[in-house]
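Me: I am new to this structure and would like to go through it step by step. Could you show it to me?

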Amino acid sequence: MIWLLISLPLGAGAVLGVTGTRCNRLAPALGVAVAVATLGVAVAAAVTRPQSSAPLFAGMRAGLAVDGLSAFMVVTVAAVTTAVLAFAAGEFGPDENRGRLFGLMLVFSGAMLVTVTATTLPLLLMAWEVMGATSWALIGYWWRRPERVRAADTAFLTTRTADLGLYLAAGAAVAGGAGSLDLRALPDAPSPWLHVITGGVVVAALGKSAQLPFSFWLSRAMQGPSPVSALLHSATMVAAGAYLLLRLHPLLAATGWAGPLVAWTGAVTALFLGVVAVAQRDLKQMLAASTSSQLGFMVLAAGSGGIAAGTTQLVAHAATKSGLFLAAGAWLTALGTKHLPALRGAARTYRLLGTAFTVGALTLAGLPPLSLWAAKDEVLASAYAESTGLYAVGLAAAAVAAVYSIKALWYVTQPLPDDPEAGYDTERDGTRRTARTTPAPLLVLTFAAAVLGVLALPGPASWLKRLVGAPDEPSPKPWEVGLSAGVAFAAAGLAWWWASRPAPVPSPAVRWARGWLHLERAAHTVVVRPVLRLAWALAVFDDRVVDGAVRQVARGGLATARIAGRVDDGIDAAVRQTARGGLAGARLAGRVDDGGIDAAVDAVAAGARGLGRAARRPQTGLLHQYYAQAALGFAVLVLIVLLVR
Amino acid sequence: MLSVITFLPLLVCAILLLLPRALSARAYIQVWIATAAVDLALVVALWTGFDPGEGMQYQQRVRWIPGAGVGYHVGVDGLSLPLVALTCLLFLAVAVYSLKERQRVRSYVCLFLFLQTVSLGLFVAQDLILFFVFFDLSIVGMFFVIAGWGHGERGRAAALKFFLYTFIGSLALLLGFIGLYLAAEPHTFDLVDLTRANPLAGRGAYAGLVLLAIGVGLAIKTPTVPFHTWLPPAHTDAPAAGSAILAGILLKMGAYGFVRIAMPLLPGSWRQYALVIVVVGAVSVVYGALVALAQTDFKRMIAYTSVNHMGYVVLAVGAAGTLAGTDAQARSLAVTGAVTQMVSHGLITGALFLLSGVLYDRGRTYAIDAYSGLAAHTPRFAGVTAVAAFASLGIPGFSGFIAEFQIFTGSLASRTVATAIALTGILLTAALFLRALRSMFLGVPRLPQSIPTGGISDLERTETVPTVTLLAVALVIGVVPRWLLDVIEPASRTVIELVAR
């Protein structure tokens, strides 16, 4: 059954998303039908409490289970999803890609269902990240508008930055010996891994729940369609962070520092983002800031051990806020504006929307006997048990909640101005009517918002505490209940009186609050811009230095080759020189041979020939000449003998 | 069986070359598709008959050059079987994608068939020289693909750079192999024998030098920082099919070499220098992602994300070499994650490169700022690219998460700081992919002037089928990973036992 619970929305959503516009006519009906079926399975699962698991990684399983806390969550998620999808069915015309919207919404809530039923960290992280990615696609649903896509990028990147904490926690859990990554085993990890796990979980949860300092992404997320806001701001996405802290409270308690840190972050967020909400002049922005602020109460509860209190707050807020967003969205569709001054009298023109919004706003203001008043008292009781300072900050935040809610209510319930049309159609062309599908989900959610306070009555409250496994949680004392009611009424009255006064020129402090404490600008200055600059610098470094070195080596190789070539040429030249020398030598030798030796030989030969010729001359053949020659020879001989002797 | 799978593409290649040029271009591709499909079917049969607990299977040993201790020895285990399957699947996808190719198709098909044999041969090789031969031939084959079918003159320059750079790497590798050969008694290049013998145990500096040679050779191919600069030009100027194979298969040869050769054969040095490897891995992760973030060219950006993704693999295998502070579960997770990452990167980046080929085909440019609002004209193209981008940035539900989660959880215990730094890589890849999607596909529609007046056409069937199939397999691994992990996990346990000895 538990696999059916998650595979129904995830599978059907994926199929619807892929078909896109091809079954545009059927998509809303199919989407709502799947949501209703999921709600049915969720209720059944909440009663029967199924659990199951499957092997995932070595030594880690993907576990799913519905326990007391999860039971509340699955029903809330499925119910809000059903209501929001029913509303969306009338909001999106056939010219929009309805398959994509309904498919993604189902995947989104399916991922939330996995998150709240996962019993092991890997599966929880998977669902957690899929939810983030789907939120990107949903916020950027109208992708032709660059600022909306930018907003989607901001939301995804901010939440993913925080998500790194969960990866870190998972690694630390394995390192700390909790290799199964079972959520119940995490608090048993030894120090220092225990602190790493806790730190990672806390950062991830605060990021997802848009707590300080991550709150700004929620403001940007308002760029998405109203049904998306209604779902994202109530039972899913932001609620996941608070849920995780409530679920892992034993982990917070095991460290000692995490509980107070989380509680104080929640309290401060509740107060500051409440102030931000007061400063807004845009209805959806105001509701967004109030979401952050209201989640601060849940985080405060989780940090101070109020599991049942936090759960009550979560459920009550989910109903209230989704109803308010649907009303704001319906006005946006009808009037084309969400600017508060332009919405003057809107509640009078659209009675049904006005009634629902009034109930929702009064609930959000924390006025008795509506649900958030009761839930907040539970939270404040836990805070009081922890520390008086926390209680005081929480009470101040509750007063601020009354102020912003009543401020919004004041605008929409004023008499219509003389020329209401002047302020309309600033965002888009309004239809001047509400869709047929609007009333039913709106009324259901508003009714739930009003009456869910029964969970804080003594009987149901102790049942709830047993259910979520925290039977000893403190309940608010009568003086606390009275005090918070008094504070809420006083703040509400003050806000009503204040709203009717002419608006003063915005001081820097107001501008600061209106700009969401300039958190996004700070994130850009501190993180985004330095990283981008570093990226550019490294790209240049990569091109010039790293690749440059390779090119240098290559060039060096070439140069060496060239030098080798030149040396080679030199050797060649030497060889050629030698050859030439040889040739010259040969030629010289030839010449010597020709002119010297050969000539000498010739000369000797010529001499011999000459001598021969000379020798031939006396041989004349004449006897008298031979005789004369002999006589001359004899005379010479005699002369020699005479001379020698 | 294994040899049939390996050499079937080469056989078909030879037949095609011997036959006269009778076939039409389309028929050549169809022959290729049929071959790739048969090969894939054979691998599926191999997979069904594979018993993960049995270690090396389907072994075949033939004497080759016994005098030099070289043999033809093939076999598969849990480390190589997923990569063999990935190779067959990716080549089939590329074959289908190439149906539109009209330029010198016969040589084109033959080259890819040759490359498939070479890639399969490398993953099944159980002999260092056999491994080296395939390692080198892959470089040769890819050189001709980039030079012959790349983007003009720049393509040829990039091909030359790729060839020379990776060839130098392979020479370093050969040097290391010879070092191992000489140390072993009796001298052999056989991987299984060398693994058993652990020839360099206690050989200090000599073992360190051998690891350096093998490490540099593999690091160039993987590639890791600072040996990665051949990759961006090779990818940018290669044809889409070549890029997909280069990123999907050829890069894995380096990473696979770490788990197949470096870790089991040099356990002592691996443990000794694990820190260096981890640092190189972590730097590759962050540096690759940051440089990718600054790119203005879509394909070049994807090329740099490969450096990032392969960096995770190097980080994990380095961390698996660190015994202090970890148990076997963590180290086994890291190695399993590394092998899963190889498969995952092949599937997802393969698809992304094919998609970037579609982009070039339509607009004749990869420049990110040349496009805007493409989703208005080409919704299917935008949708598939968006899914591929999210898969690549590691969103759960796709194989990338399965790989990276195991790598992070397995590495954090032993290398806390490096892993924590590497963790930012998944944020940076998210940022760069979202930026590219936003600039090119979303926003106000605006097309580059190079697109003909007839407009821009959406994905055709030959483009949809391969990319969607690759992403579908990545999705299946991401949702039900056990069938893959059951094969890898026993093998990675074996590897960490070998490293720990």
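Me: Which helix does A383(A) lie in?
Reply: A383(A) lies in helix α17 of chain A, residues 371-386. Helices (H or I, at least four residues) and strands (E, at least two) are DSSP runs, numbered from the N terminus. This is a predicted model, in which local features need pLDDT of at least 70, side-chain atom pairs count only at pLDDT 80 or more, and totals for chains, interfaces and linings use all residues. Residues are numbered from 1 along each chain as its sequence is written, while chains are lettered from A and ligands numbered from 1 in the order in which they are written.

Me: Is A383(A) buried or exposed?
Reply: A383(A) is buried, because 29 other C-beta atoms lie within 10 Å. A residue is buried if 20 or more other C-beta atoms lie within 10 Å of its own, exposed if 12 or fewer, and partly exposed in between, with C-beta atoms placed from the backbone.

Me: And what does A383(A) touch?
Reply: Not counting residues up to four places away in sequence, A383(A) touches A263(A), L300(A), S304(A), L390(A), Y391(A) and G394(A). Contact requires that the C-beta atoms of two residues, placed from the backbone, lie within 7 Å.

Me: What does UniProt place at residues 119-392 of chain A?
Reply: An unreviewed UniProt entry gives the feature "domain: NADH:quinone oxidoreductase/Mrp antiporter transmembrane" for residues 119-392 of chain A. Over that stretch the chain is 75% helix and 0% strand, with the end C-alpha atoms 35 Å apart.

Me: Let us turn to helix packing. How do α13 and α14 of chain A cross?
Reply: The axes of α13(A), residues 283-303, and α14(A), residues 307-335, come within 9 Å and cross at roughly 175°. Axes are lines fitted to C-alpha atoms, for helices over the stretch in contact, and angles run from 0 to 180 degrees between N-to-C directions. The two helices are therefore roughly antiparallel to each other. Angles under 35 degrees count as roughly parallel, over 145 as roughly antiparallel, 65 to 115 as roughly perpendicular and the rest as oblique.

Me: Which residues make that contact?
Reply: Among them are L287(A), F297(A) and M298(A) of α13(A), and L314(A), H317(A) and F325(A) of α14(A). By class, the contact has 11 nonpolar, 5 polar and 2 charged residues. Here Ala, Val, Leu, Ile, Met, Phe, Trp, Tyr, Cys and Pro count as nonpolar, Asp, Glu, Lys and Arg as charged, and the others, Gly among them, as polar.

Me: What about α13 and α14 of chain B, at what angle do they pack?
Reply: Helix α13(B), residues 298-319, and helix α14(B), residues 328-363, pack at about 175°, with axes 9 Å apart. These helices are therefore roughly antiparallel to each other. Their contact has 15 nonpolar, 7 polar and 1 charged residues.

Me: How many helices and strands are there in chain B?
Reply: Chain B has 20 helices and 2 strands. Of its 501 residues, 63% count as buried.

Me: Now the two chains together: how many residues of chain A are in contact with chain B?
Reply: There are 38 residues of chain A in contact with 41 residues of chain B. The largest share of the chain A side, 16 residues, comes from α6(A). That side divides into 26 nonpolar, 5 polar and 7 charged residues.

Note on methods
UniProt positions are given in the numbering used here, feature names are shortened, and annotations may be inferred rather than shown by experiment.
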